[in-house]
Amino acid sequence: MHRHSEDHPTRNEEEYFAKQNAELIKQMRSLLDEQRRDIERREHFMKCPKCGGDLKERDFQDVKVDVCDRCHGIWLDQGEIRLIRHIHEARGPFSRIMSDILEIFHHPKTGDATTPPR
């Protein structure tokens, strides 16, 4: 018969502590992954997807758009596209050029705005 002593943990104790350690490692890995995602997000926040330059918010017809200081690209997110479309519809024919630009973001099957390719 095997007796439990302080020097020799039982198999159940070993399994218990192994599970505890595995769970702790899993939690720590999850936290580390989340921290890495946050760091990566901050490094890419307000950066131009084309050249990596800094994006600055600029006002354009009551809409804030992101403009690259380096390549002068203009970047719109889903909400900005929706707002421009709303302004366009509320003001009547804004311009043929704006209609053509908005049509780029129009999904051909659903009619919903699409996310621009990256």
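This is a predicted model: local features need pLDDT of at least 70, side-chain atom pairs count only at pLDDT 80 or more; totals for chains, interfaces and linings use all residues.

Residues are numbered from 1 along each chain as its sequence is written, and side-chain values use heavy atoms, with hydrogens and water left out.

Next, the elements. Helices (H or I, at least four residues) and strands (E, at least two) are DSSP runs, numbered from the N terminus. Two strands pair if DSSP finds at least two bridges between them. Strand β1, residues 55–60, is joined to β2 by 6 bridges, and the two run antiparallel. Asp59 stands opposite Lys64 in β2. On to β3, residues 74–75: 2 bridges join this strand to β2, again antiparallel, and Val67 stands opposite Ile74.

Is β2 buried or exposed? Buried means under 20% relative accessible area, exposed over 50%, and partly exposed in between, with a 1.4 Å probe and protein chains only. 5 of the 6 residues of β2 are buried, so the strand is largely enclosed by the rest of the structure.

Now the core. A nonpolar core is a set of buried Ala, Val, Leu, Ile, Met, Phe, Trp, Tyr and Cys residues joined through side-chain atoms within 4.5 Å. The largest one has 8 residues, among them Val63, Val65, Val67 and Phe105. β2 (63–68) and α2 (78–91) are the elements that give two or more residues to this core. In soluble globular proteins, nonpolar side chains tend to be buried together.

Charged residues come next. Lys and Arg count as positive and Asp and Glu as negative; His and the chain ends are not counted. A salt bridge is a side-chain nitrogen of Lys or Arg within 4 Å of a carboxyl oxygen of Asp or Glu. Asp66, in strand β2, is buried yet has no salt bridge, and the nearest side chain of opposite charge, Arg58, is 8.8 Å away.

Last, the loop between β2 and β3, where His72 lies. His72 has a positive phi of about 65° although it is not a glycine. At 58% relative accessibility, His72 counts as exposed.
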